[in-house]
Amino acid sequence: MPSLKMPTRDYGLMRKMKTLTALNEDISLEYPAFDNILVAVRKMVRETAFDICEMPITTYLCAKGFGNPMTAIPVFLTRNFHHGAIFHDTGSGIRDPKDLEGKTVGVNRGYTVTTGVWARHVLATEHGVDLEQIRWAATDDEHVAEFVPPANADYDYTGRDMAALFKSGDIVAAIGAIPSAPTTVQPLIPNAVEAGFASYRKTGIFPVNHTVVVRDELLETYPTLATELFAALKASKDAYLSTLDRNGGDLSAEDKLTVRLERGVDGDPFPYGVNSNRKALEALTQTAFDQHITPKRFSMEELFAQGTLDLDG
């Protein structure tokens, strides 16, 4: 019986899943621990180091563009709206998203990081910002080593601290987390949480962040692997949501986000399946192409394992 290695974070969604030592009579499971799941992600896209792996979805799209031998199942372990991930220096004269054109905007980590991709999608589709007119200052390299960035992505800022870049005036705005940000750095979009939910009510787009990928060789060797994995992950999610104390006073940050999303979208905060996420997936595949991350707009059939395209969860 092969033992498949499957690193993921210890989400509530994964709690029941990680009690399983076997997926079926033919396949056992191991869950290697990583303090930072992105270490595992890099090993997966650069070395195909694991059998199954959690992965930021734009990292997956980028890797797919270079023919990496892995395919996703339509399970999304993290998701959120990203209106609140866009910051500006209030003393810089930036008042409106369009004011970012012609400026240098920091990016927490690499240009292809999923939060950054979705934040740029918000700027372009909801505020009419011309992303080509912005210099994107990446502060780290890319997960996918082969990625060739667009001309307006600048990696001279790699390794530099985002807060320090604001203080020095090298950037006037940024997307992504900014630890120890100066007090003058504030969200650019007001009432960002409600703005995200309002966007969802208007467009039906509920952004996805992390998915799960499987080595193609295993999908070929075990034809039912993808569907059985989907079913196990769905059962684990259902167990988490059914036991979540939504009115409890001792909720974790993950639990609080789950409750907020559930109330904001008035339904499942973590829907699985292509059909339940089609609008988000089609928006993401288009924006990944528009932002020069993929060489084409991938279809759902190219991205997700055979047998999972019609599954709902």
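R120 lies over the face of Y111, 4.0 Å from the ring centre. A charge is taken to sit over a ring if NZ of Lys or CZ of Arg is within 6 Å of the ring centre and within 35 degrees of the ring normal. The model is predicted: local features need pLDDT of at least 70, side-chain atom pairs count only at pLDDT 80 or more, and totals for chains, interfaces and linings use all residues. Residues are numbered from 1 along each chain as its sequence is written, and side-chain values use heavy atoms, with hydrogens and water left out.

Eight aromatic pairs are present in the structure. Rings of Phe, Tyr and Trp (its six-membered ring) pair if their centres lie within 6.5 Å; planes under 30 degrees apart count as stacked, over 60 as edge-to-face and the rest as tilted. One of the pairs joins F81 and Y200. Its geometry is edge-to-face, at 6.3 Å centre to centre and 65° between the planes. F81 lies in the loop between β4 (70–78) and β5 (86–89), Y200 in helix α5 (residues 192–203), 119 residues apart. Helices (H or I, at least four residues) and strands (E, at least two) are DSSP runs, numbered from the N terminus. F81 counts as buried because its relative accessibility is 12%; Y200, at 23%, counts as partly exposed. Buried means under 20% relative accessible area, exposed over 50%, partly exposed in between (1.4 Å probe, protein chains only).

F81, F197, Y200 and F206 form one aromatic cluster. Over the ring of F206 sits the charged end of R79, 4.0 Å from the ring's centre.
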